[in-house]
Amino acid sequence: MTEQAKTYYDMQNEYPLSKEQTEKYQEDGHIFLTNVATPEEIAYYEEQITSIVMELNAHDKPVSERDTYGKAFIQVGNLWQKSEEVKRFVLAKRFAKIAADLMGVEGVRIYHDQALFKEPGGGHTPWHQDQIYWPLDTDKTITMWMPLVPIPQEVGTMSFASGSHKLGYVNKQTISDESHKTLGQFIEGKGIPQVNYGAMSPGDATFHSGWTMHSAPGNPTKHMRKVMTVIYIADGLTVAEPDSKARESDMKSWFPGCKPGDLAASPLNPLVYSRK
């Protein structure tokens with residue numbers, strides 16, 4: 001790979017957002033953006049990311065024999081620490097600035113990344129709120145969800161409960177059949193609008209708030225649904241006292257060495273964009 005190519009794939013250039021787009025995100029808690037990464041960039045990084053995910057896939061049972069969470073996807077986190085190539089993708093200034101712009105903050109750090117590969121025949125992803133896992137007391141968190149392969153309508157992208165981020169912490173249920181039933185009934189009962197953006201191309205992306213309720217259908221096709229996610233938090237946040245086992249586990253995993261009240265800035269949470 002030439003030095004010129006390395007610079008190109010660092011993705012340091014900006015993706016401009018309009019005032020209307022940032023306002024819509026803040027109102028809805030989610031947004032769909034096209035061509036956040038180019039076809040050339042995605043073609044290169046898909047190969048790198050897939051190689052790591054297949055190597056580190058911890059599932060040892062067929063999809064049909066797993067629980068609901070296990071059926072949902074192959075999940076591998078912090079790929080940026082496992083590959084210098086993938087590190088350039090995860091720490092890309094282009095993505096981080098979008099996150100900062102949408103949240104209206106001065107800078108952002110990585111919370112962690114996750115590859116989420118939904119296998120052929122993989123199950124649905126139940127309704128949930130991401131931030132029930134995160135030991136943070138804030139609304140300044142956001143996830144980028146980017147397909148690495150085409151996602152046709154029948155494979156399914158995420159559905160979002162618009163405006164649900166404004167409700168904050170609804171309940172402590174982790175991703176499960178119970179969370180799908182409870183939050184699904186809550187969304188229906190409150191008449192909260194649901195939005196699904198349909199088919200997505202490689203390099204398109206959705207961004208959603210940590211409190212936005214969302215779900216995804218299963219994969220009825222013979223093709224792997226390959227998605228890469230990056231979770232960002234506003235720079236300057238502090239670690240909250242964990243109030244659940246899920247948050248206690250996340251504090252140990254993603255904020256190593258940090259205690260409640262400390263800055264959320266361990267070596268696993270580098271600053272990836274700042275306006276200062």
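**Salt bridges along the helices**

Let me begin with Lys19 and Glu23, which both lie in helix H2 (residues 19-28), four residues apart, about one turn of the helix. Helices here are DSSP runs of H or I with at least four residues, numbered from the N terminus. The model is a predicted one, in which local features need pLDDT of at least 70, side-chain atom pairs count only at pLDDT 80 or more, and totals for chains, interfaces and linings use all residues. Residues are numbered from 1 along each chain as its sequence is written, and side-chain values use heavy atoms, leaving out hydrogens and water.

Side chains of opposite charge can pair when their charged atoms come close. A salt bridge here is a side-chain nitrogen of Lys or Arg within 4 Å of a carboxyl oxygen of Asp or Glu. Lys19 and Glu23 form one, at 3.9 Å from N to O. Lys19 is exposed, at 58% relative accessible area, while Glu23 is partly exposed at 42%; buried means under 20%, exposed over 50%, and partly exposed in between, with a 1.4 Å probe and protein chains only.

Helix H2 also places Lys24 and Asp28 four residues apart, about one helical turn, and their side chains meet in a salt bridge of 2.8 Å, N to O. Lys24 is partly exposed at 45%, whereas Asp28 is buried at 13%.

How many salt bridges does the structure hold? The count is 14.

Key
Helices (H or I, at least four residues) and strands (E, at least two) are DSSP runs, numbered from the N terminus.
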